[in-house]
Amino acid sequence: MSVTQEDVLAALKDVYDPEIPYNVVDLGLVYGVEVDEGNVNVTMTLTFAGCGMGPYIANNARERIMEIEDVEDAVVEMVFDPPWGPEKISDEIRQELGIE
């Protein structure tokens with residue numbers, strides 16, 4: 001069985017920003033997932049560029065991806081362009097937070 005983008009996104013739903021009690025997928029922090037056989041590359045961002053939790057979140061994301069069957073390697077790259085904004089949050093979480 002080969003690894004899919006959906007597999008990776010499902011795994012990343014177990015990765016949380018420790019300062020916000022929601023996963024990185026629903027927060028809109030994952031910008032891209034590329035899968036080339038067993039190699040996974042993820043581009044993601046943080047809620048703000050100066051967030052000191054970046055290495056922690058990236059490491060947790062990589063560890064979680066590596067747990068997926070048939071993943072041989074995973075690279076998680078933090079990017080800050082385009083900058084993250086609350087409009088990237090999933091509709092469900094936006095409703096919970098009262099953001100319109």
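User: Which side chain meets Glu 67 in a salt bridge?

Analyst: This is a predicted model, so the values are computed from predicted coordinates. A salt bridge requires a side-chain nitrogen of Lys or Arg within 4 Å of a carboxyl oxygen of Asp or Glu. For Glu 67 the N to O distance is 3.0 Å, and the partner is Arg 64.

User: Which parts of the chain does the salt bridge between Asp 73 and Arg 62 link?

Analyst: The side chains of Asp 73 and Arg 62 meet at 3.0 Å, N to O. Each has a relative accessibility of 33%, so Asp 73 and Arg 62 count as partly exposed. The two residues are eleven positions apart, and the parts linked are strand S3, with Asp 73, and helix H2, with Arg 62.

User: What distance separates the closest N and O atoms of Lys 13 and Asp 26?

Analyst: Side chains of opposite charge can pair when their charged atoms come close. Lys 13 and Asp 26 form a salt bridge, and their closest N and O atoms are 3.3 Å apart.

User: Where do Lys 13 and Asp 26 lie, and how many residues apart are they in sequence?

Analyst: Lys 13 is partly exposed at 37% relative accessible area, while Asp 26 is buried at 18%. Both residues lie in the loop between H1 and S1, so the pair ties together parts of the chain whose separation in sequence is 13 residues.

User: What is the order of the strands in the sheet?

Analyst: The secondary structure comes to three helices and three strands, and from the N terminus the elements run α-β-β-α-β-α. The edge strands are S1 (30–36) and S3 (73–78), each of which pairs on one side only. The sheet is open with mixed pairing, and the order is S1-S2-S3.

User: In which sense do S2 and S3 pair?

Analyst: Strand S2 covers residues 39–44 and pairs with S3 over six bridges.

User: Which strands does helix H2 touch?

Analyst: Helix H1 (residues 5–12) packs on the sheet against S1 and S2, and its direction makes about 135° with that of S1. Helix H2 (residues 54–66) also packs on the sheet, at about 155° to the direction of S3. The strands touched by H2 are S2 and S3.

User: What is the phi of Glu 37?

Analyst: Most residues other than glycine have a negative phi. Glu 37 is found in the loop between S1 and S2, and at 68% relative accessible area it is exposed. Its phi is positive although Glu 37 is not a glycine, with a value of about 55°.

User: Where does Asp 70 lie?

Analyst: Asp 70 also has a positive phi, near 80°, and is a residue other than glycine. Its relative accessible area of 37% makes Asp 70 partly exposed. Asp 70 lies in the loop between H2 and S3.

User: What is the radius of gyration of the protein?

Analyst: The C-alpha atoms fill a box of roughly 40 × 25 × 20 Å along the principal axes. Buried residues make up 38% of the 100 residues. A compact globule with 100 residues would have a radius of gyration near 13 Å, and the protein agrees with that, at 13 Å.

Technical notes
Residues are numbered from 1 along each chain as its sequence is written. This is a predicted model: local features need pLDDT of at least 70, side-chain atom pairs count only at pLDDT 80 or more; totals for chains, interfaces and linings use all residues. Side-chain values use heavy atoms; hydrogens and water are left out. Two strands pair if DSSP finds at least two bridges between them. Helices (H or I, at least four residues) and strands (E, at least two) are DSSP runs, numbered from the N terminus. Contact means heavy atoms within 4.5 Å. Axes are lines fitted to C-alpha atoms, for helices over the stretch in contact, and angles run from 0 to 180 degrees between N-to-C directions. The radius of gyration is taken over C-alpha atoms; the globule rule is 2.2 Å times the number of residues to the power 0.38. Buried means under 20% relative accessible area, exposed over 50%, partly exposed in between (1.4 Å probe, protein chains only).
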